[in-house]
Amino acid sequence: MTALMTVLGILIFVFGLLVSIAWHELGHLSTAKLFGIRVPQYMVGFGPTIWSRKKGETEYGIKAIPMGGYIRMIGMFPPGEDGRVTARSTSPFRSMIEDARSAAYEELQAGDDTRLFYTRRPWKRVIVMFAGPFMNLVLALAIFFGVWMSFGINQTTTQVATVSPCVIQQSEKREVCKDGDPVAPAKAAGLRAGDRIVAFNGHKVTDWAALQKRIRDTIGPATVTVVRDGQQQTLPVKLIENKVARTDGHGGYVKGEFVTAGWLGFSPKTEIAPLSFGQSVDHMGEVADNSVQGLLQLPAKIPALWNAAFSGAEREPDSPMGIVGAARISGEIATLDIPAEQRLVFFLQLVGFFNLSLFLFNMLPLLPLDGGHIAGALWESVRRTVARVFRRPDPGPFDVAKLMPAAYVVAGVFVCFTLLVLVADVVNPIKIT
């Protein structure tokens with residue numbers, strides 16, 4: 001039964017992956033057709049075609065490897081300086097440019113002169129290339145807001161879960177008191193598990209992040225107002241200075257980093273609760289910020305990923321994870337002994353994070369990513385605007401094909417990184433359990 005549920009979980013993720021890819025390419029397809037660009041192909045996946053059907057001038061299909069997708073647009077690159085697209089050169093880098101240019105014209109038909117991608121104004125090309133990642137962003141937002149506002153998220157509350165019996169520095173990584181350890185301020189003040197803290201030093205508090213900050217900013221006498229058995233009462237406490245984990249500003253902790261701050265000595269309770277629209281917007285900002293930071297930190301995580309893949313080192317929880325790793329996580333989710341509603345939420349959020357990552361990754365201003373084509377169109381717009389302002393001749397379309405050697409280098413780096421992540425996901429996977 002466990003094996004069956006694992007396979008089911010993987011299939012659910014693959015389905016979500018295919019929907020995300022198809023949704024991405026639909027953004028490119030719909031805007032390209034809107035601006036009159038001819039699109040011969042719309043494909044989900046790579047490799048051999050397992051199903052296709054032609055409707056109008058476009059062939060729609062599904063390929064065997066669900067690792068991406070594409071639409072084929074006519075005239076992605078302008079012709080060369082000689083006006084032809086079949087010229088060849090002995091220079092390997094020049095050949096890359098000419099091959100790319102030839103591929104852009106390989107399906108040119110009569111009447112396509114006015115339907116080429118490069119002939120569209122830069123702002124239209126920006127829209128076509130941005131539409132794909134934007135569709136992923138829309139899907140991610142729809143999933144996240146739908147889950148957060150209906151089901152909710154695991155939130156740290158101001159209710160007391162446990163009270164520390166003694167003073168222990170968090171950097172010591174121990175839970176058992178030793179002889180001579182002083183009594184924790186919370187225990188000495190009579191704070192109990194189940195108490196809900198509603199005010200600190202007379203200031204009303206409704207969320208854990210605010211309460212945590214007030215506690216850490218206070219050393220010495222203070223008051224804590226709690227609701228206990230439906231009755232409100234105020235307890236005098238005396239906070240002490242202690243070495244505690246550094247916070248991330250949102251109530252969470254930064255792994256392995258400690259600071260000296262005020263300490264009361266209790267652990268807060270967590271619970272799943274829905275967010276309002278405003279809270280969802282704030283939480284989305286935190287998720288987006290963490291995702292951007294994670295993308296920027298990818299190069300720094302490569303050594304640890306290499307050691308996890310080939311040296312048997314422990315795999316970091318925030319290590320980069322690929323499609324295989326995400327599929328394994330999805331299989332694990334399906335086997336968890338939790339309500340079906342929670343498993344559905346896990347599946348949805350996994351797909352949501354995948355779509356958010358697709359958006360951020362594709363917006364990098366590098367060819368062959370969508371962001372590279374957007375950058376090329378924007379640069380062309382700048383060049384033409386400058387020429388118009390200074391009354392110079394129109395420089396014409398920016399030839400993105402000239403950047404193809406760099407694009408091949410970038411693609412090579414991406415392939416190597418993808419293979420490294422794949423190996424790590426197979427031999428040393430991240431496990432949610």
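These legends accompany several close-up views of one predicted model.

Because the structure is a predicted model, local features are given only where pLDDT is at least 70 and side-chain atom pairs count only at pLDDT 80 or more, while totals for chains, interfaces and linings use all residues. Residues are numbered from 1 along each chain as its sequence is written, and side-chain values use heavy atoms, with hydrogens and water left out.

**View 1. The strands β4, β6 and β7 pair in the antiparallel sense.**
Helices and strands here are DSSP runs numbered from the N terminus, a helix being H or I over at least four residues and a strand being E over at least two; two strands pair if DSSP finds at least two bridges between them. Strand β6 (residues 220-228) pairs with β4 over four bridges, and in this pairing Arg196 stands opposite Val227 of β6. Strand β6 also pairs with strand β7 (residues 231-247), over nine bridges, and there Thr225 faces Thr234 of β7. The strands β6 and β7 form a hairpin with two residues between them, and Asp229 in the turn has a positive phi of about 55 degrees.

**View 2. Asn201 sits in the loop between β4 and β5.**
This loop connects β4 (196-200) with β5 (203-204), and the phi of Asn201 is near 55 degrees, a positive value in a residue other than glycine. Asn201 is partly exposed, with a relative accessible area of 36%, where buried means under 20% relative accessible area, exposed over 50% and partly exposed in between, with a 1.4 Å probe and protein chains only.

**View 3. Phe35 and Trp123 form one of the 13 aromatic pairs of the structure.**
Rings of Phe, Tyr and Trp (its six-membered ring) pair if their centres lie within 6.5 Å, and planes under 30 degrees apart count as stacked, over 60 as edge-to-face and the rest as tilted. The ring centres of Phe35 and Trp123 are 5.8 Å apart and their planes stand at 80 degrees, so this pair is edge-to-face. Because Phe35 lies in the loop between α1 (2-34) and β1 (41-55) and Trp123 in helix α3 (residues 122-150), the pair ties together parts that are 88 residues apart in sequence. Phe35 is buried, with a relative accessible area of 15%, whereas Trp123, at 45% relative accessibility, counts as partly exposed.

**View 4. Trp208 and Phe266 form an edge-to-face pair.**
The centres of these two rings, Trp208 and Phe266, lie 6.0 Å apart, with the planes at 80 degrees. Trp208 belongs to helix α5 (residues 208-216) and Phe266 to strand β9 (residues 266-273), so the pair ties together parts that are 58 residues apart in sequence. Trp208 counts as buried at 7% relative accessibility, and Phe266 counts as buried at 11%.

**View 5. Ring pairs link five named residues into a cluster.**
The cluster consists of Phe144, Phe145, Trp148, Phe277 and Phe353, linked through ring pairs.

**View 6. Helix α10 is shown with the residues on either side.**
The expected span of a helix is 1.5 Å times one less than its number of residues, so the 20 residues of α10 should span 28 Å, and the 29 Å between its end C-alpha atoms agrees. Its buried residues include Asp370, His373, Ile374 and Glu380, and what covers the buried residues of α10 includes α1, α3 and α9, contact meaning heavy atoms within 4.5 Å. Just after α10, Arg391 takes a positive phi of about 55 degrees; Arg391 lies in the loop between α10 and α11 (404-427) and, at 80% relative accessibility, counts as exposed.

**View 7. Met73 is one of the residues that touch the most other members of the largest nonpolar core.**
A nonpolar core is a set of buried Ala, Val, Leu, Ile, Met, Phe, Trp, Tyr and Cys residues joined through side-chain atoms within 4.5 Å. The largest such core has 27 residues, of which Met73, Phe117 and Val128 touch the most other members. The elements that give two or more residues to this core are α1, β1, α3, α9, α10 and α11, and α1 gives the most, with four residues. Not counting residues up to four places away in sequence, Met73 touches residues including Ala32, Ile37, Phe117, Val128 and Met129.
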